[in-house]
Amino acid sequence: MGKGRALSDGVIKKIILSYTYVAIWIFLSFTVIVYNKYILDKKMYNWPYPITLTMIHMGFCSSLAVILIKVFKVVEPVSMSRDTYLRSVVPIGALYSLSLWLSNSAYIYLSVSFIQMLKALMPVAVYSIGVLLKKETFKSQTMTNMLSISFGVAIAAYGEAKFDGWGVFLQLGAVAFEATRLVLIQILLTSKGINLNPITSLYYVAPCCLVFLSVPWIFVEFPVLRDTSSFHFDFMIFGTNSVCAFALNLAVFLLVGKTSALTMNVAGVVKDWLLIAFSWSVIKDTVTPINLFGYGLAFLGVGYYNHCKLQALKAKDAQKKVQASDEEAGKLLEERESEAKRNETQD
């Protein structure tokens, strides 16, 4: 009885911790998105310099990552040669810098709610690029689901009250670069046995992003900032914003490490709906019924995609267990046969 009670207490504690990690990740992700919108939007803080903001994030995050790894030794750095870094990490860093630059730029032109709706295209982009790079197998059923997600997003875009073509182009570009980055991580890193958690990712990738972003920054934003006499660096705003960005990466580390990547995907759907509600009720962005209907269709498609992924993972685990049991049975059979032969020899 006491053992059963202890077991149930342990299970309850694990469930509470899992939900706590999910809640922390949703809160921080929500905060970073709304904070970035506040800083970049011309009607709010009015600081429309997305490259500079991204560089501040990368500089802060890379510095803290170095301190956590080299000084406090929170995690061990990954053993990586210079050639591997140049061939694998640098391309990923280039794509990540482009993705962050374009996604932050989109906040200047689009509402938070509409950006979340456009982000529903991420599974479509990841699957399509995976098929092109031969990392995913083409399946007509999966592609049909991808088309349904795209159709839902198209309806949401049609119903957008403050549609901005340039903003949509920026956000779709960000989705494309991010999807390519995720596929290349599998090809260039995971396939080579190199697994980076969010802290080691920042340690290796953030400095690389900082270098890549400095090139467009010198030509696009630096001249404007230099000529803006009223500009002053607000340490409170940019400091707290950078802390939130870094804390979000730690939250990803906790959430994926203690639960799973699929849990983060499901939590992401909840976060998107909360952001849409917040954008409509607090920021006073216009969310039309056509918006919601289109995103609802896309949401169902994304939900089905996550369901299929979960079933595939379960089938893979079941197959591994069957193989393990078959191997164990084979070993037992060999041991019995060898024992029988020894007995025959003794007789």
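In the chain, the mean position of the 31 positive charges lies 5 Å from that of the 23 negative charges. Lys and Arg are counted as positive and Asp and Glu as negative, without His or the chain ends, and each charge is placed at NZ of Lys, CZ of Arg, CG of Asp or CD of Glu. The model is predicted, with local features requiring pLDDT of at least 70 and side-chain atom pairs pLDDT 80 or more, whereas totals for chains, interfaces and linings use all residues. Residues are numbered from 1 along each chain as its sequence is written, and side-chain values use heavy atoms, without hydrogens and water.

The chain contains 12 helices and zero strands (DSSP runs numbered from the N terminus, with at least four residues of H or I for a helix and at least two of E for a strand). Its C-alpha atoms fill a box of roughly 100 × 50 × 50 Å along the principal axes. Of the 347 residues, 41% are buried, that is, under 20% relative accessible area with a 1.4 Å probe, protein chains only. Among contacts (heavy atoms within 4.5 Å) with a separation of 6 or more, 84% join residues 24 or more positions apart.

Ile-69 belongs to helix H2, which spans residues 50-71. With a relative accessible area of 3%, Ile-69 is buried. Beyond its neighbours within four places in sequence, Ile-69 contacts Val-75, Pro-77, Ile-199, Thr-200 and Tyr-203. Ile-69 and Thr-200 are 131 residues apart along the chain, yet their C-alpha atoms are separated by 7.9 Å.

Definitions and conventions:
Buried < 20%, exposed > 50% of the residue type's maximum accessible area, 1.4 Å probe, protein only.
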